[in-house]
Amino acid sequence: MRVIALLCLLACLTTSVVAGKKDKNAAPTNQTDLRRYEQLYLEAVCQREANNAVAQYRLLERAIKVNPHGAEAYFDLAMFGIEHNAQVPVIDYLALAHELDPDNHEYTIQYVRVLFGRRDKAGVDLAKSLLVHEELRDDVYALLCDYYTMTGDYAQLCATLEQWRPFSGDDEFISSNKLHAAMALGQLDDALLIADTLIHISPSNATRYKVAKGEILLGLNRVDDALTLYHTLSADEETDPGAQILLYKYAVKSGNKVLEVQLLKQIASNPYMQMQTREAALRQYLGDVNDSERIVRRDTMLTMLLPLPEKEPALYNIMLAELRQSDAPDSLYALLFNKLLEIDPANEYARISLMQIALRADDYADVQRLCTDGMKQNARQPLFYYFGGAALMIEKKYEEALSLFERGREYIDDNTNTELVSTYFGSYGDALHQLGRNHEAYVMYDSALVYNNGNEMCLNNYAYFLALDNEQLDKAERMSAYTVEVRPDNATFLDTYAWILFLKGDYEKAREYIDRAIDNIEDRADQDNSSLYDHAGDIYYHLGLTDEALDYWRQAFSLDAESTILKKKITNKKYYKD
């Protein structure tokens, strides 16, 4: 309840900063008000120590109303906003606190921190004002250096470091920052001198500075000198991540491809190296090269990375982006997605992607395995039930598919993607219809279309099944007409529309659409096309074109030799209703 009260309070701030500034110039507060202010402020401090945030805030608000000149109350309100991430005008309250009590350096330094956090250069003059009488303030110098580093003003960084040097007891800190600035400014000759000094004055960090020196030598195109420096490293130093990166950069700079790959493997497999560094090396290797070289490098990296016992997905996500750019086959995607699942079995993106790959490969057993394992990770994910049911439908295991759809239905709610709900209910309806539960199937199709009235597959199947049952043909025609309008080259949709027109007796128009369906068949040997040729024969027969009808019936029979009705049509050269 305290949290709720605090949120409500912060949402209704009543104190106006503008009013505060106006009141500051008003007549001085009388002694009674001052005493009341002190009581309120001290009580606010007590409430802060007792962790009563709401009470603290209310007391501070009352305090500045009583005394608009109370710098400490404005400061505490600002700190309250920072500590609680509250909707408090922090910068304005800090400005007031500093203006009311400019000699309080605690107020000023906090004001500077907030200004610098916003990259506001107004903080620079404020910070420097603190150094006029207190040159030994390391915290101020550090803030200035951080600000200049953050804004990339390396010239000012160098100047500030030199100003700080006489007062700092840590010459290595000063020099290492100057080294960073000199390298950023491209002042490599100066950087080289600083690196040599640091190697000498800081034996404990010598490896770090030797690596920096090596990078400077590479920047100066003194490639051989950089390699010589590397060979002066001890055996322990050579295994240092920085030293490995140095040698890798040498290999890239010198064009030594064999060494580059060898070192990249060491970097990629080094669990002690920062992930950011490993990612940078990987991106550099996969960088701007021609298409054929890119594919070679991609495959090299996959061979290198897949066996690694990684616990983080970062490197594999880089490779995933690379596969997309190089138009990789499903087999490579499968390797990566399986690795991502190995790292995190709850990675639903990887699992669902593998399901799609398995469906494209007609590997329905793998789809079932992935769905079953996915349900163990998250039983409330409808996609696992949908993909599992879809795979079972293709295998004509309709009872099992229906059971899976029924189980998953309870996890569909108002937050589920509407297109998924529509597709789910559409497949659910297909399973019901295959089991002869036609009325329930039509109810499910209607539900699917509520969520997406443009669900083409649902519209087609619904229309076709209505036609098979010779029911609601006008409704079936409207639904089917929509599908051929949006997908005019889809043979299945065209066949459905032609068959509905046939049932309504419009044989000429039915012939137009069945011809278009036949023209758009992709696989003429597909057994599923038997009914399409059968429909064509029926349509042509009713137009008095018996020879053409026989040809189509024979094509249908070649794909479905067990059909007694087709055999009867061909034998008797006559149409029979199924």
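Predicted model: local features only at pLDDT ≥ 70, side-chain atom pairs only at ≥ 80, totals over all residues.
1. Three helices, α11 (171-184), α13 (206-219) and α16 (241-254), each give at least two residues to the lining of the second largest pocket. The largest share comes from α13, which supplies six residues of that lining.

2. How much space lies in the second largest pocket? About 350 Å³. Its lining counts 15 residues, and the ones nearest the centre are L179, M183, R208, A212 and E215.

3. Phi of N221 is near 60°, a positive value in a residue other than glycine. That is worth a glance, because most residues other than glycine have a negative phi. Is N221 buried or exposed? With a relative accessibility of 55%, N221 counts as exposed, because the cut-off for that is over 50%.

4. N85 is another residue to check for its backbone angle: phi is near 50° here, again positive in a residue that isn't glycine. N85 sits in the loop between α5 (71-84) and α6 (90-100). N85 has a relative accessible area of 69%, so it is exposed.

5. Now for a residue inside a helix. L126 belongs to α8, which covers residues 122-130. L126 has a relative accessibility of 15%, and since buried means under 20%, L126 counts as buried. Which residues does L126 touch, leaving aside those up to four places away in sequence? They are H98, T108, Y111, V112 and L115.

6. Helix α33 (residues 546-559) packs with helix α34 (residues 564-572) at an angle of about 150°, and their axes are 10 Å apart. The crossing of α33 and α34 is left-handed. On the α33 side the contact is made by L550, W553, R554, A556 and F557, while α34 brings in L566, K567, K569 and I570. Sorted by type, the residues of this contact are six nonpolar and three charged, with no polar ones.

Notes:
Residues numbered from 1 in each chain as written. Heavy atoms only, no water. Axes fitted to C-alpha atoms, helices over the stretch in contact; angles between N-to-C directions. Helix = DSSP H or I, 4+ residues; strand = E, 2+ residues; numbered from the N terminus. Left-handed = near helix turned anticlockwise from the far one by under 90°. Contact = heavy atoms within 4.5 Å. Nonpolar A, V, L, I, M, F, W, Y, C, P; charged D, E, K, R; others polar. 1 Å grid on protein atoms, 1.4 Å probe; cavity = no way out; pocket = protein on both sides within 12 Å on 5 of 7 lines; lining within 4 Å. Points joined across faces, edges and corners; volume = space filled by probe spheres on them. Buried < 20%, exposed > 50% of the residue type's maximum accessible area, 1.4 Å probe, protein only.
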